[in-house]
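This report describes the packing, the chain contacts and the overall build of a two-chain model. The structure is shown below, followed by the report.

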Amino acid sequence: MATQWGSNSIAPGQSAGWFFSRANRTKFLPVLQVMPLSPSFTNGEWALTGGGYPYFNQLGVSSTWSELSDDLQNLVYYLVVQNNSDNTIEYAFLEADLSAGENPVAAPKSGLGSNSNYFLCNCSNILDLTVTIDVTEDIKGSDGFSFQVNCYSPSGVDGAQQYVIAMDPQGTLYAGVDNWTYSAGHVHQLINYIPSIGSLSNATLPAGYTLTISLQNDNHGNIIGASYNVNDDNGHSVASKTIKLLQLDLYHSSNPVTSADLSPIVAVTMDFVDWANGNATTLSSGAGVFAFNASTSMTVSNAEPPCVELDGGTLESSNSIYGQMPAGPSHSMTQSFASSAQVSAQILRHARVMHKLTPGDTGTVT
Amino acid sequence: MKASVLHDGEGRILAISKAADLKASGSKFTQAGMVAGEGQSLVEVELSAEDSQRPLRELHESYRVDPATKNLVRL
């Protein structure tokens, strides 16, 4: 049902720009129209503007433009009210919602940013997960940055699996596997393999670049490898790497990873943080969209789901912020991300076990 | 009552908007308002009790804006 509000007027032949702001919500389409409250005393005729755009000599509105606020919290819509009649017209606005989506899930307790993001889970194996990172604004951090697909395994098996694309402060790109096993209340490094895969000038990831991290499963749902790709704004490959876990050695060992060391994942959280070493980076710019796709459905949760073995998180942090997401379930989801000058104190989630990415130790491949 | 008045460089009133309580009106928007375009300026004025009751189109014919003081001036 439409809502009518406002008491406004506009002189003949004049245009008035308007803004309308509301909380950011996905899959929502606002419908805005003007409702004349006084006659125009003008016969309705139509014509074309010099640019070929048709108009009536009555009260009307332009197309709607929209803007996502810098902090991702609000959507601002713009339109222009135009009075092409011969007289001043009074008018109100008519507003309605067309929504194909759901209300967003409330933010996690620590907030939506840095090392605190939603969990995507279904408490059964997540299969064929691909995370695509579309960069819409140049990304630059005081201590580099990383995109971490932080995965959680179910109870009774290995705890945490990290799949990462990172850029250090010199512009070197890395692909990373950083996996941990959990026993007796402690985590132990299982795999740590973080090879460099290329470099970019100015230590900046330009707008238009696309990064993908694709996880591969065996018939039991175990993660057996990951493919990492960095493409430039023309779609050309800048860096590419496929890592097969069974071709790696265990951490600080000459023993190879075996199928006994593999685990499925049942939850994922995506973090845009410092490149490594548990540090905090200050992002001077950066924005884009995460796209999550899997062959199994995922549900968005604002807390670590009970089906994971490890209450864990990443130590790296930043002044990144993330947009809200609907609950799902869905095989495909998107989420906006950005750097935020407004986040004066970095958002930090504290878990029972916090692990850090240590790229100085690149591990070995058998 | 507060009102936003859009005017040109010579003080001619182009548009007026009385302040609206969006929440009470049932709107989903948290903020709304006019945005000045090229050659336009926006001022906020306090309407007298009498002017608050008059049709807005009459205010167009009764006032202009003094661009220097940003006040309504009777024509």
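## Cores, domains and chain contacts

In this predicted model, the largest nonpolar core comprises 75 residues, and Leu120(A), Ile165(A), Ile191(A), Ala267(A) and Val268(A) have the most contacts inside it. A nonpolar core is here a set of buried Ala, Val, Leu, Ile, Met, Phe, Trp, Tyr and Cys residues joined through C-beta atoms within 7 Å. A residue is buried if 20 or more other C-beta atoms lie within 10 Å of its own, exposed if 12 or fewer, and partly exposed in between, with C-beta atoms placed from the backbone. Strand E22 (residues 283-301) of chain A gives the most to this core, namely seven residues; helices (H or I, at least four residues) and strands (E, at least two) are DSSP runs numbered from the N terminus. Apart from this core lies another, of 30 residues, which includes Ala11(A), Leu59(A), Leu22(B) and Phe29(B). In soluble globular proteins, nonpolar side chains tend to be buried together.

Not counting residues up to four places away in sequence, Val268(A) touches Leu120(A), Ile126(A), Leu129(A), Val149(A), Asn150(A) and Cys151(A). Such contacts require C-beta atoms, placed from the backbone, to lie within 7 Å.

Residues are numbered from 1 along each chain as its sequence is written, while chains are lettered from A and ligands numbered from 1 in the order in which they are written. Because the model is predicted, local features need pLDDT of at least 70 and side-chain atom pairs count only at pLDDT 80 or more, whereas totals for chains, interfaces and linings use all residues.

The two chains are summarised as follows.

| Property | Chain A | Chain B |
|---|---|---|
| Helices and strands | zero helices, 27 strands | three helices, six strands |
| C-alpha box along the principal axes | roughly 90 × 45 × 40 Å | roughly 35 × 30 × 20 Å |
| Buried residues | 42% of 366 residues | 31% of 75 residues |

From the N terminus on, the elements of chain B run β-β-α-β-β-α-α-β-β. Among contacts with a separation of 6 or more, residues 24 or more positions apart account for 77% in chain A and for 53% in chain B.

Chain A is assigned domain 1 (3-99) and domain 2 (119-355), with bounds from an automatic or database domain assignment. Their C-alpha centres lie 43 Å apart. Six residues of domain 1 are in contact with eight residues of domain 2. The domain 1 side of this contact divides into two nonpolar, two polar and two charged residues. In this classification, Ala, Val, Leu, Ile, Met, Phe, Trp, Tyr, Cys and Pro count as nonpolar, Asp, Glu, Lys and Arg as charged, and the others, Gly among them, as polar.

Asp134(A) is found in strand E11 (residues 130-141) of chain A. Asp134(A) counts as partly exposed because it has 18 C-beta neighbours inside 10 Å. Not counting residues up to four places away in sequence, Asp134(A) touches Thr210(A), Gly288(A) and Val289(A).

Between the chains, 25 residues of chain B are in contact with 23 residues of chain A. On the chain B side, strand E2 (13-18), helix H1 (22-25), strand E3 (31-35) and helix H3 (56-62) each supply at least two residues. The largest share, six residues, comes from E2(B). The residues of this side divide into 13 nonpolar, nine polar and three charged. Strand E1 (residues 3-10) of chain A and E2(B) run antiparallel and are joined by four bridges; strands pair if DSSP finds at least two bridges between them. The bridge partner of Asn8(A) in E2(B) is Ser17(B).

Methods:
Contact = placed C-beta atoms within 7 Å.
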